[in-house]
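Please read it alongside the sequence and the coordinates shown here.

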Amino acid sequence: MRKIKVGIIGFGTIGSGVVKILASSKDIIRQRLGAEIEVAKIADLDVSSDRGVVVDSNLLTTDTKEVVDNPEVEIVVELMGGYEPARSLMLQAIAGGKHVVTANKALLAKHGDEIFSAVEDQQVAIGFEGAVAGAIPIIRSIREAFVANEITAIEGIVNGTANYILSKMSDEQCDFAVALKEAQEKGFAEADPTFDIEGIDSAHKISLLTRLAYGTPVNFDDITVQGISGISIDDIECAREFGYRIKLLAISKFDGESVDIRVHPAMIPQSHPMANVNGVLNAVRVCDNLMEENVLIGHGAGSLPTGSAVVADIVEQARDILSNNKNRVASQSFLKNEMRSIPMMNIEEIDSEYFLRFSVLDNPGVLSRISGILGNHSIGILSVIQKGRCDQGKGVPLIMMTHRASEKNVQLALKEIDALDVVCEKSNLIRVEN
Ligand code: HSE
């Protein structure tokens with residue numbers, strides 16, 4: 001039986017999951033593919049730790065050249081993460097005519113133009129299903145299942161760590177710090193959780209989905225990114241009183257002229273299809289001209305869920321190798337010469353409804369001063385809640401929901417409000433996505 005040989009760089013959580021799946025699913029893969037996938041080499045700086053999977057020690061190496069320059073290897077699987085040396089190794093493998101699979105969203109978000117261009121010039125394939133929302137087949141859906149659909153919007157809960165923290169805060173009324181600590185103890189959050197909680201990981205993912213959905217490169221540094229570390233239990237409780245839940249959303253909308261792409265905490269109605277996607281689960285909602293909306297929910301991280309997405313990419317490339325197909329599916333979902341630079345909207349250009357939280361002195365006239373400033377900036381108030389009375393000189397939370405307003409006006413109004421002598425802390429804003 002024909003064997004397709006793969007080389008793996010990075011034997012961490014995902015790498016070991018891939019090796020486990022290739023061993024445990026060997027038969028079903030053979031039954032579906034008509035060939036065997038064989039691991040020819042695994043490179044990692046650490047080849048002595050127990051990864052929970054039995055591997056012939058001859059397969060392990062600390063030298064990445066034994067993977068990328070290995071003439072037997074037809075598919076190079078990059079699972080080391082980070083920018084360098086992952087970028088150089090991927091480019092080297094591509095230049096050598098090897099197909100590549102990666103779960104490295106940070107690399108593709110920052111260096112996607114260079115890597116996709118190399119892939120297209122060399123006429124090899126790139127798989128990156130594991131890079132976005134783990135086991136949810138969103139890359140394959142956009143590149144293949146929605147090939148005739150004009151996508152107008154994608155919204156996702158694409159970071160399990162942030163979703164776990166927000167769900168725990170909401171379900172157990174605990175503070176952000178308590179929820180983060182528990183996520184770290186359970187292994188859902190890294191020791192340095194910055195990328196997850198500050199929205200950077202979600203931004204990497206939505207930049208990739210945007211590239212595929214609309215056929216545009218995305219300048220990662222132009223994405224508005226706001227994380228969840230400023231979300232308080234008061235925000236979560238008030239959101240609930242208004243009938244909403246707070247989620248970290250990655251959003252990408254295309255109006256035919258420009259792309260509105262951003263990551264921030266958002267209030268979504270409890271009836272929204274993603275409002276009850278909790279814990280470490282991910283969800284991606286795709287809207288288009290043919291099916292209105294399609295919501296995919298599943299496990300966005302972890303050794304086996306993400307490993308299964310990586311294995312699916314390997315098998316897809318193996319199918320093309322076996323049938324002598326090249327470029328069956330455009331790597332960026334649009335052909336290289338059909339890609340165009342779509343302008344990115346500045347966050348100040350958007351309109352939204354807003355949830356505003358002020359910390360104010362509990363004095364007569366404060367509400368009218370704040371509502372006056374909002375009114376002067378054409379911001380209509382939908383409802384108001386004041387939480388409790390306060391000790392002398394300390395602030396109380398004053399919460400407002402607004403009608404749809406311009407972001408620019410809201411930012412100008414908040415600047416004026418924050419300068420008032422009755423305002424005790426910087427105000428907080430959460431956008432509402434209905
Ligand atoms: N750290 C990510 C998450 C998984 O928490 O969802 C890998 O992208």
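Glu 66 is partly exposed, with a relative accessible area of 33%, on a scale where buried means under 20%, exposed over 50% and partly exposed in between (1.4 Å probe, protein chains only). This is a predicted model, in which local features need pLDDT of at least 70 and side-chain atom pairs count only at pLDDT 80 or more, while totals for chains, interfaces and linings use all residues. Residues are numbered from 1 along each chain as its sequence is written, and side-chain values use heavy atoms, with hydrogens and water left out.

**Salt bridges**

- Glu 66 meets Lys 41 in a salt bridge of 3.4 Å, N to O, the term standing for a side-chain nitrogen of Lys or Arg within 4 Å of a carboxyl oxygen of Asp or Glu.
- This pair links distant parts of the chain, since Lys 41 belongs to strand E2 (residues 36-43) and Glu 66 to helix H3, 25 residues apart; helices (H or I, at least four residues) and strands (E, at least two) are DSSP runs, numbered from the N terminus.
- Because Glu 72 lies in the loop between helix H3 (65-68) and strand E4 (75-78), and Lys 5 in strand E1 (residues 3-9), the pair ties together parts that are 67 residues apart in sequence.
- Glu 72 itself is partly exposed, with 44% relative accessibility.
- Lys 181 and Glu 185 form a salt bridge with their closest N and O atoms 3.1 Å apart, and both residues lie in helix H8 (residues 176-185), four residues apart, or about one turn of the helix.
- Both Lys 181 and Glu 185 are exposed.
- A network of salt bridges links Glu 129, Arg 140, Glu 144, Asp 313, Glu 316, Asp 320 and Arg 328, and the count of salt bridges comes to 35.

**Ligand surroundings**

- For Lys 205, a polar side-chain atom is found 2.7 Å from an oxygen atom of the ligand.

**Backbone geometry**

- Most residues other than glycine have a negative phi, and most peptide bonds are trans.
- The peptide bond from Glu 84 to Pro 85 is cis, with omega near 5 degrees, and Pro 85 lies in the loop between E4 and helix H4 (86-95).
- Asn 324, although not a glycine, has a positive phi of about 60 degrees; this residue is found in the loop between helix H12 (303-322) and strand E13 (351-360) and is exposed, with a relative accessible area of 72%.
- Ser 333, also not a glycine, has a positive phi of about 70 degrees, and its place is in the loop between H12 and E13.

Note on methods: A polar contact is a pair of N or O atoms within 3.5 Å; within protein, one must be able to donate a hydrogen and the other to accept it, and residues adjacent in sequence count only if both atoms are side-chain atoms.
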